[in-house]
Each structure stands twice: as structure tokens, then as C-alpha cells.
Amino acid sequence: MTLVREQGSPGSSGPSARPRELAPRSGPATVGASKLHAQLTGVTKLFPAPSGENPVHALGPIDMAVERGEFFAIVGPSGCGKSTLLDILAGLAAPTDGTVVFENKPISGAVPPGIGVVFQEDASFPWLTVWDNVAFGLRRAGLERGETTKRVEHWLRFMGLADFARAHPAHLSGGMRQRVCIARTLVLEPRMILLDEPFGALDQQTRLLMGDELLRLWRATGATVVLITHAIDEACMLADRVGVMTARPGRFADVAVTRWPGDRDSRIVSDPSFGQLTGRVWSILRDESIKAIGHAEGDIGGRSP
Ligand SMILES: Nc1ncnc2c1ncn2[C@@H]1O[C@H](COP(=O)(O)OP(=O)(O)O)[C@@H](O)[C@H]1O
Ligand SMILES: [Mg+2]
């Protein structure tokens, strides 16, 4: 498998595609203005302390930019501010300082049209059928009935849920319930999809296959994807770039450019350079995770290689 993205493939940088290079390399967390889809600049988040002492400095200052159609994954130690970052990018939380821009407009106060969010927890409505779960957002938006039916049926088929349209979420596996949540977001045709550890509750095999599903829908929609995950293999397999965050307050310690082809799938995990990439991400993440749990490095087996 080549590590160079095919020209013209989803997420490709076109005729000026990067030169062939086998080793993954570091890049900036920012992108050129012409391809810019979303951007955080100097973003900081402080939360008031529960006991009224010093506030919790959760995030930043951090800069990040994603290209249109790019797949950007973020890994980082537990509690480093990943969900906070995603909430700010989605417009669900306001930064204490800094700016957030989506499609050249500042985000403030609400999730703008064009952004879809998928969370870790099963957010399906248990009292609605799969069909009604997926139709929920379109009905609320007042979409015409025929168009609603067309879109719901398309996404049910795409996500392999057509035979379960009349079932309730309680009768589905965890992986299928998460597919319902993804279909419910996709039916609104977002141009940027933000996912916060969406497969965290699934077993390893299901996670890898759900990763393939995510690649398939990324290619089919051409949407920009920002994925938060605690799984290094998932981030390295799926993304064009992998941002590795520091311990809290989270910033980027590294941004690895993966150079996978646009038509990649989970079989990439057996590629020798996959091990090289995950090894490098882990060496950074290991140091930051040790800091995050508050141990001296020597307590946990010395310096990483
Ligand atoms: N609403 C909140 N109020 C106070 N502290 C919060 C709140 N949300 C998150 N935090 C704190 O901010 C830090 C980052 O949280 P979070 O973004 O959820 O981390 P991650 O997703 O990386 O595990 C943690 O120390 C967490 O306790
Ligand atoms: Mg989180």
C-alpha cells in the first residue's frame, strides 16, 4: 500500500499533492487560507473551580485549522480538553478567549447549520423507531414529507439499517445503535462532522469495522471530519492528520501527516509504516499521559524510546 494519497481522491491536495515520502512527518495544526474550512485561533477555556478556588484551565491557548474534505483525528490524555475543544468547535460551548470560525463566519452560541455532531454515548431516542430517530431532525426542520422519506431511506440503506427501520434502539446491538446516531446526523447533510469518541463503547473488531464505515461515508459525502478518539490505532488508520494533545491544558504536542491514500480501509493496520506511525504517536502520548496522571516519569518505567 502506498502512503501517498492518490491525486483527485477525497481529501487529496490535488495537482500540488505532497511529494512521495514513506515516513510519516509532522505538519502544522493550521492550513492554507484557500482550503480552510474551520479554524480555532488562540482558543483558551477556563472552567470555574467547583470549590470556588482557582479556575480549571482546561484548554489552550490552542490553534487548529482543518481543510475542506479533510479527515482530522485528535488523540490526547484523558482530561486534556478534547471534548472541550470539540464542544467549542461545534458552537456548544464558548471559549474563554480566542476565536472560532466555520466557513468564514464566527461561531458563537449555537451549532451552526452545516455542522453535525456525534457523541460517544448512545444518544438515540429509545421511544422512537430507527426510522423515526433518523427522521427526527428533518421533521423538526419542517422538511417536506417526500424529501424526508427519500433522505431517511437513503441513509438507512447506506448505514445497513434498512431491515431494522421499524425496530426500537433497545433491540439493536451497540454498534447498530451508534449507526442510528450517525445516520441521524448525516441525514441533515452536514458539511463538517464532529465525532467525540463515537466508538468508545464498542469492542475492538466492531470499532475497526465502524472505522471502515466512517471512511466510506467520508468518501461518499466529501464532508470534513474531525474525530476525537482515545484509540491511537483508530486515529492513525482513519485520518489525514493526527493531532496529539498535551496533558491539560491541552495544546498540540505534534500533528502527524499520515499520507494514506483516499481509498484506505482498516487493512492498513498491517502496513509496516502503520506501526511506525502509531509508535511515534504513542511515544508522545505516553509522556503526556504520564504527566496527566501526575506521576514522575521514572515511576512508570523510565524514558520512552
Ligand atoms: N463543565 C465543566 N465544569 C468544570 N470543569 C470541567 C467542565 N467540563 C470539563 N471540565 C474539566 O476540564 C478538563 C477537560 O475536560 P474534557 O474536555 O472533558 O477532557 P477530555 O475530553 O480530554 O477527557 C477536565 O479537567 C475536566 O474536569
Ligand atoms: Mg472527552
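The legends below describe close-up views of a predicted model. Residues are numbered from 1 along each chain as its sequence is written, and chains are lettered from A and ligands numbered from 1 in the order in which they are written. In this predicted model, local features need pLDDT of at least 70 and side-chain atom pairs count only at pLDDT 80 or more, while totals for chains, interfaces and linings use all residues.

**View 1. Strand E8 and its buried residues.** Strand E8 covers residues 192-196; strands (E, at least two residues) and helices (H or I, at least four) are DSSP runs numbered from the N terminus. Five of its five residues are buried, so E8 is largely enclosed by the rest of the structure. A residue is buried if 20 or more other C-beta atoms, placed from the backbone, lie within 10 Å of its own, exposed if 12 or fewer, and partly exposed in between. Met192, Leu194 and Asp196 point one way from E8, and Ile193 and Leu195 point the other way.

**View 2. Strand E8 with E7 and E9.** Two strands pair if DSSP finds at least two bridges between them. Strand E7 (residues 115-118) runs parallel to E8 and is joined to it by four bridges, with valine 117 as the bridge partner of leucine 194. Five bridges link E8 in the parallel sense to strand E9 (residues 224-228), where leucine 227 stands opposite leucine 195.

**View 3. Serine 289 in helix H7.** Helix H7 spans residues 272-292 and contains serine 289. Serine 289 is partly exposed because 17 other C-beta atoms lie within 10 Å. Arginine 248 is 41 residues from serine 289 in sequence, and their C-alpha atoms are 9.8 Å apart in space.
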